[in-house]
Every structure is written in structure tokens, then in C-alpha cells.
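Here is a friendly walk through one protein model. Take a look at the sequence and the structure, and then read on.

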Amino acid sequence: MSSVRRQRWDAGHAGVVHRTRARSNYYGPERVGPSSAAGEPAMHEAALTQGLVNILLKEAARHQVRSITLVRLKVGRMKAVEPQALVFCFGAFTEGTLAEGAELIIEPVPAVATCRGCGGDFEVIKFHFQCPRCQSRDVVLIQGDELYIESFDA
Ligand SMILES: [Zn+2]
């Protein structure tokens with residue numbers, strides 16, 4: 001048994017990956033290349049999953065793991081990732097690899113922002129960046145942009 005913790009595989013900034021072309025400021029360890037089909041939500045998950053699988057396989061090699069049985073992910077709501085699409089892509093990309101058949105656990109992280117007007121925190125629902133208390137739009141995202149492999153079991 002071995003377990004690897006906290007491998008971030010995407011370092012994009014809040015919101016920028018939401019149905020947009022892969023950005024040049026993407027500086028994650030695994031470049032997924034420019035997206036050829038901007039605007040297609042499925043491409044978003046496919047690109048993310050490809051990066052995820054690349055890192056998993058690299059980590060598995062580094063830890064001399066023979067197979068990966070379970071992967072735990074933390075995915076911020078701001079990433080706008082469709083869990084089912086992620087699971088589907090994961091199954092496709094891991095076929096024939098040592099992660100084939102691994103269970104995927106996706107833990108969503110709520111998007112939370114702090115209001116600069118009143119100092120209160122609130123959950124951002126559907127990209128609505130406005131303080132529910134004072135209606136200010138001067139808010140800063142403090143949580144929900146996460147995207148990492150929390151751990152995997154081998
Ligand atoms: Zn406020």
C-alpha cells in the first residue's frame with residue numbers, strides 16, 4: 001500500500017478555465033496543450049483528465065506502484081467540472097494503464113468569497129460574485145479554485 005498526497009495538476013486562476021480556450025498562463029506541471037475546441041465543455045474535462053492521468057502515471061512510476069485502485073480528487077466549484085464527464089474521461093484515459101479500473105472519488109470544494117465592503121464571507125453560487133449582505137461586487141474568491149489529487153491508493 002502506498003498513498004500519495006496533494007498533487008495539484010492544474011494551476012489555472014479562478015474562472016479562467018470555464019468553457020474557454022486553454023490559457024497561455026497555464027503553468028501546471030503537465031501541459032495539456034492548446035485546446036482545439038474552445039467552448040466545448042467536454043473538452044474541458046478531457047483536457048483536465050489528461051493532465052490528471054499523466055501525473056498519476058508519473059507518480060505511480062516514481063513510487064514504483066503496480067496499480068492504482070482509488071484516486072481522491074478535490075475540485076473547486078469554480079473549475080466548473082462536470083463530475084460525470086470527469087469520471088467518463090478518466091475511464092477512457094486510464095484504459096490499458098496501471099490506473100485502469102481505479103475508483104474516482106471527487107470531492108467538490110464550495111466557492112467562497114470575501115466581501116471587501118462589509119468583510120463578510122459568502123458562498124458563490126453559479127459565478128454570482130455579489131455580496132448577499134451589502135450587495136457589493138468588490139469581492140475576492142478565497143476558496144473554490146482548487147484542483148488537486150488529494151491522494152491515491154495503490
Ligand atoms: Zn458585503
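## A loop, a metal site and a sheet

Q135 sits in the loop that runs between β5 and β6. Please keep in mind that this is a predicted model. The phi angle of Q135 is near 70°, a positive value in a residue other than glycine.

You will find Q64 in the loop between α1 (41-62) and β2 (70-76). Q64 is exposed, its relative accessible area being 72%.

Now for the metal. Which atoms coordinate the zinc ion? The donors are the SG atoms of C115, C118, C131 and C134, at 2.3 to 2.4 Å. The angles among these 4 donor atoms are 100 to 120°, and the site of the zinc ion is tetrahedral. For comparison, the ideal angle for four tetrahedral donors is 109.5 degrees. Along the chain, the donors of the zinc ion follow the spacing C-x2-C-x12-C-x2-C. Within this set, C118 and C131 form a pair that links distant parts of the chain, 13 residues apart. C118 belongs to the loop between β4 and β5, and C131 to the loop between β5 and β6. C118 counts as partly exposed at 40% relative accessibility, whereas C131 is buried with a relative accessible area of 1%.

The table gathers the accessibility values for these residues.

| Residue | Relative accessible area | Class |
|---|---|---|
| Q64 | 72% | exposed |
| C118 | 40% | partly exposed |
| C131 | 1% | buried |

Finally, the sheet. In general, strands of a sheet pair through backbone hydrogen bonds.

Strand β4 (residues 112-115) is joined to β5 by 3 bridges, and the two run antiparallel. Look for A113, which stands opposite F122 in β5.

Definitions and conventions:
Residues are numbered from 1 along each chain as its sequence is written. This is a predicted model: local features need pLDDT of at least 70, side-chain atom pairs count only at pLDDT 80 or more; totals for chains, interfaces and linings use all residues. Side-chain values use heavy atoms; hydrogens and water are left out. Two strands pair if DSSP finds at least two bridges between them. Helices (H or I, at least four residues) and strands (E, at least two) are DSSP runs, numbered from the N terminus. Buried means under 20% relative accessible area, exposed over 50%, partly exposed in between (1.4 Å probe, protein chains only). Donors are N, O and S atoms within 2.8 Å of the metal (3.2 Å for Na, K and Ca); water is not among the atoms, so sites may look incomplete. Four donors count as tetrahedral if all angles lie between 85 and 135 degrees; four count as square planar and six as octahedral if opposite donors are over 155 degrees apart and all others between 65 and 115; anything else is irregular.
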